[in-house]
Amino acid sequence: MIEMLWMIEPWHWLVLGFVLLIVEMFVPTFASLWFGAAAIIVAALSWLLPISLAVQIVIWLVLSAVFLLAWFKFIKPLSVDRTKAGLGGSVIIGETGMIIVPPQPERAGMVRFSVPIVGAAEWMCRTQGEQVAVGDRVIVTDIVGNELVVSSMKSQAAIHKSVQI
């Protein structure tokens, strides 16, 4: 009976891999996916090479750990949603952008953000009497209606410098 337990064939690994992939469809945690992929690779390796069960298990564990590490360290950070869509307007305050149309006293200008903020990459903006030009980096200091109140990064740096002195 114990001898039967140690008689794991390559197709056992393949079935285990597909079962774990199917489990992943119902439990969306991206955990069983990597164990399943590792099991499928072990199945392929054990069909191609005469590998002992202990080595198969070690390969499965190492591949699973490598896949998990790669997912959390490299792949998952790329899929993080940084748009802040659906959040309140207060998340815009403190964001930095670049002036693409300078605001005038009689009309609003436009500021562009490198990452869309609350669903849009470009917003109408005004300053509080400050002159800004196209290409200037600005920081959002307030929100009035659908327009952002921005201030030049240079003036913000001067304010911070005077506060520190």
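Tutor: A crossing of two helices counts as left-handed if the near helix is turned anticlockwise from the far one by less than a right angle, and as right-handed if clockwise. By this rule helix 2 passes helix 3 in a left-handed crossing, whereas the crossing of helix 3 and helix 4 is right-handed. The model is a predicted one, in which local features need pLDDT of at least 70 and side-chain atom pairs pLDDT 80 or more, while totals for chains, interfaces and linings use all residues. Residues are numbered from 1 along each chain as its sequence is written, and side-chain values use heavy atoms, without hydrogens and water.

Student: What makes helix 2 roughly antiparallel to helix 3?

Tutor: The axes of helix 2 (residues 10–26) and helix 3 (residues 32–48) cross at roughly 160° and come within 7 Å. Angles over 145 degrees count as roughly antiparallel, under 35 as roughly parallel, 65 to 115 as roughly perpendicular and the rest as oblique. The angle of roughly 160° therefore makes helix 2 roughly antiparallel to helix 3. Axes here are lines fitted to C-alpha atoms over the stretch in contact, with angles from 0 to 180 degrees between N-to-C directions.

Student: Which residues make the contact of helix 2 with helix 3?

Tutor: Contact means heavy atoms within 4.5 Å. Residues of helix 2 including Trp11, Trp13, Leu14 and Phe18 meet residues of helix 3 including Phe35, Ala39, Ile40 and Trp47. The residues of this contact divide into 17 nonpolar, 4 polar and 1 charged.

Student: How many aromatic pairs does the structure hold, and why is the pair of Trp34 and Phe67 called tilted?

Tutor: The structure holds 4 aromatic pairs. Rings of Phe, Tyr and Trp (its six-membered ring) pair if their centres lie within 6.5 Å; planes under 30 degrees apart count as stacked, over 60 as edge-to-face and the rest as tilted. Trp34 and Phe67 have ring centres 6.4 Å apart and planes at 55°, so the pair is tilted. Trp34 lies in helix 3 and Phe67 in helix 4 (residues 53–75), so the pair ties together parts that are 33 residues apart in sequence. Trp34 and Trp71 form another tilted pair, 5.7 Å centre to centre with 35° between the planes. Trp71 lies in helix 4, so this pair ties together parts that are 37 residues apart in sequence. Trp13, Phe35 and Trp60 form one aromatic cluster.

Student: How do you know whether Trp34 is buried or exposed, and what is Phe67 called?

Tutor: Buried means under 20% relative accessible area, exposed over 50%, and partly exposed in between (1.4 Å probe, protein chains only). Trp34 has 16% and therefore counts as buried. Phe67 has 22% and therefore counts as partly exposed. Both Trp34 and Trp71 are buried.

Student: What are His12 and Gln104 called on that scale?

Tutor: His12, in helix 2, has 31% and is therefore partly exposed. Gln104, in the loop between strand 1 (96–101) and strand 2 (109–117), has 30% and is therefore partly exposed. C-alpha to C-alpha, His12 is 9.5 Å from Ile40, and Gln104 is 9.3 Å from Val132.

How values were computed:
Helix = DSSP H or I, 4+ residues; strand = E, 2+ residues; numbered from the N terminus. Nonpolar A, V, L, I, M, F, W, Y, C, P; charged D, E, K, R; others polar.
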